[in-house]
Amino acid sequence: MASQTETMHRGSRTAALRGQSAFRRMLDRNAAGYVFLLPWLLGFFGLTLGPALASLYLSFTNYDLLQSPDWVGAANYVRILTDDPKFGAAMRVTFTYVILSVPLKLAFALAVAMAFNRGIKGLTLYRAIFYLPSLLGSSVAIAVLWRQLFASDGLINMALWQAFGYEGPSWISNPDYALYTLVLLSIWQFGSPMIIFLAGLRQIPKDMYEAAEMDGAGKARQFFRITLPLLTPVIFFNSVIQTIEAFKAFTPAFIISEGTGGPINSTLFYTLYLYQEAFGFFRMGYASALAWILVVIISLFTAFSFLGARYWVHYDD
Amino acid sequence: MSMMLDRRSVLWGGLSALSLATFHTPALAQAARLRMIWWGSQERADRTNKAIAAFKGAKPDITIAGEFAGWSDYWPRLATQVAGRNAPDLIQMDYRYIFEYARRGALAPLDDYIGKGLKIEDFGKANVDSGRVDGKLFGVNLGVNSSVVIYDKAAWEKTGAKAPSLGQTWEEFAENAIAFGKKKPKPGYYATADASGLEPSFENYLRQNNKALFAADGQLGYEASDVASWFKMWDGIRKAGGCVPADVQALDQLNIETNALTTGKAATAFAHSNQFVGYQALNKSKLSLTAYPKVSASSPTGHYLKPSMLMSVSATSQNVQSAVDFINFLVASPEGVDLLGVERGVPASTAMRDQLTTKLDDVSKAMVEYIAAITPNVGALPINPPQGAGELAFVLTRVSQEVAFGRITPEEGGERMVSEAKNTLARK
């Protein structure tokens, strides 16, 4: 018995030793890798995960930046969901923006991609030019430019006056139109989904179209029976990415309304409202709660997209 | 194994070299290095940077690094720097925010420096006290200003309508603006910007009616009917073509650059008197300035003298004495005062004001004369704004837009303004 326990002891000790050396060996083998990963790891833990967890804590407090946070439990969440008319306004604006801008942008991107796919001369150049707005689109300069274009005496109204003698309103500062100018700005940045669509279109075998043509299918029928079904994985990918992007849109509304979300909250994007609460009125706790609600909304949206995808996305295998 | 060791030693060697490089670079500074932050236009930045350079000439061992932002970006930037324990030494302060910062311990009290490096005795009690919070001095008055009506006299005269003038009533102003609109020189040009959503203008109107934005107990100092009559007056002017339409007014981002006067949409703007310098710099036609119209000939003027801005020192500053030296240079030395001019308002010190006035150009002189002209009839400084007061300016702008775009009536606007304001103030 005694000898047995002794063996067990010895056994566990050797196992422990072995484990330690295995760990060391693993470390020896991968140390360089981890060191090379270090900048990313530091960034992830220090700049992403750390602040995210801190904001989760702050969302249960009142925090005005100058004094230490004050624990209030779920009060911020309760107020947002039951007693905050601006939250409702921001949700309306954001959902309108997402629902309008994502499908329109994708349709436009697909149309351009299909035009390119017919094999035109100088494709690389055109592709670069058409991609340009996407690189510039979320920049401050473009938002300022948009403001100039759609102001009361902007280029758009000048053109309308010249062409039709129509005196247009100040699109950007009219609550009836302001949001739609931002939707337009978003559609104009169709570059990245367009590139992805183009790659997807290239994947579709040419002989399918040839066969369809032999069978007498017209262009429209080819589009709906071949192009669209085979493109569904790409459409799915683009729509998920663009939806998330649209929920997170901030710069254009911030610049165009000078951070007010005006006129009359017509461009009060969710992120803009969050920013106002945080940096305009120094309610960091409340803003953190708003941010976590946005995280939940985006996650739900993405989850439903993936669940729904099995019914319409066709993976060719 | 030896190869592994080599590789490891190389790695650790590299890491320690990295840490050496990161942690041993500073600690060279010996002379005082101060940081300063302010809000304002390019004009203000130019003047401030000249003053900083001149101060460096007088005190070569003090270096000041300045940064500036527009009004709306300024407060987020300052708050994050203060929260990050990285506050600038010298902080330009506003009368509305000094209470919040001082009461939260973010600013250094400056009482001990009065007479010792800070010569503000000839400011007069009111101008010193405008930098006090709960009896302690947390800010030094950088200039005195008041609300003002700025207008393009030639444009008014061209239409034959009577231009704004001292002692005019709101009723006369409205009639004149409407007359202007009927004979306007070009389409899309109006007599005046729409001031219904501007808090300082609304406050002036309230004070003329012996009301105020806030009562002594920190509650609202006005009622729905006060807001409604203010909205109604502007609604009348707007509907008769006397002021810019709602969508043009909505382009105003509450700064000089986007005001309807500067963008060539209107002949009149409602502003702060120190901004007159900036307005004239951006407008080709010669501008004039006068007091607000009054609700009746016998009503108070509604004006008060306000510190256009204050200079404060951060509670965490390591060089309060040097910071105070610089503040003194700005407000009590002829060299500094001359460089700043009246762009931040009229100097509070009588001696400085007198020596400056003789050197001013016509634009600045007109501004000093304006302050002198309204001073006999100004009221007292309003009480400390309560917490949450800053948000109400935005609420007023939004509700005024709902009225201007015809979504609600002026009466509904009054009700909405008061109920939202009460909600905001009740919020922690």
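B:R85 is found in the loop between helix 3 (71-83) and strand 3 (90-93) of chain B; helices (H or I, at least four residues) and strands (E, at least two) are DSSP runs, numbered from the N terminus. This is a predicted model, in which local features need pLDDT of at least 70, side-chain atom pairs count only at pLDDT 80 or more, and totals for chains, interfaces and linings use all residues. Residues are numbered from 1 along each chain as its sequence is written, while chains are lettered from A and ligands numbered from 1 in the order in which they are written.

Although B:R85 is not a glycine, its phi is positive, at about 55 degrees. Most residues other than glycine have a negative phi. Is B:R85 buried or exposed? B:R85 counts as exposed because it has 7 C-beta neighbours inside 10 Å. The cut-offs are 20 or more other C-beta atoms within 10 Å of a residue's own for buried, 12 or fewer for exposed, and partly exposed in between, with C-beta atoms placed from the backbone.

A:I264 sits in the loop between helix 11 (251-256) and helix 12 (270-280) of chain A. Here the count is 24 C-beta neighbours inside 10 Å, so A:I264 is buried.

Back in chain B, let's zoom out. Chain B has 17 helices and 12 strands, and its C-alpha trace spans about 90 × 55 × 45 Å along the principal axes. Of its 428 residues, 46% count as buried.

Now look for the open sheet of chain B, in which five strands follow the order 2-1-3-12-6 with mixed pairing; two strands pair if DSSP finds at least two bridges between them. Strand 2 (62-69) and strand 6 (140-141) of chain B stand at the edges with a single partner strand each, so one side of each has no neighbour in the sheet. Strand 1 (residues 32-39) of chain B pairs with strand 2 of chain B in the parallel sense over eight bridges, and B:L34 stands opposite B:I64 in strand 2.

Finally, where do the chains meet? 26 residues of chain A are in contact (C-beta atoms, placed from the backbone, within 7 Å) with 27 residues of chain B. Helix 1 (residues 2-58) of chain A gives the largest share of chain A's side, four residues.

Conventions: Contact = placed C-beta atoms within 7 Å.
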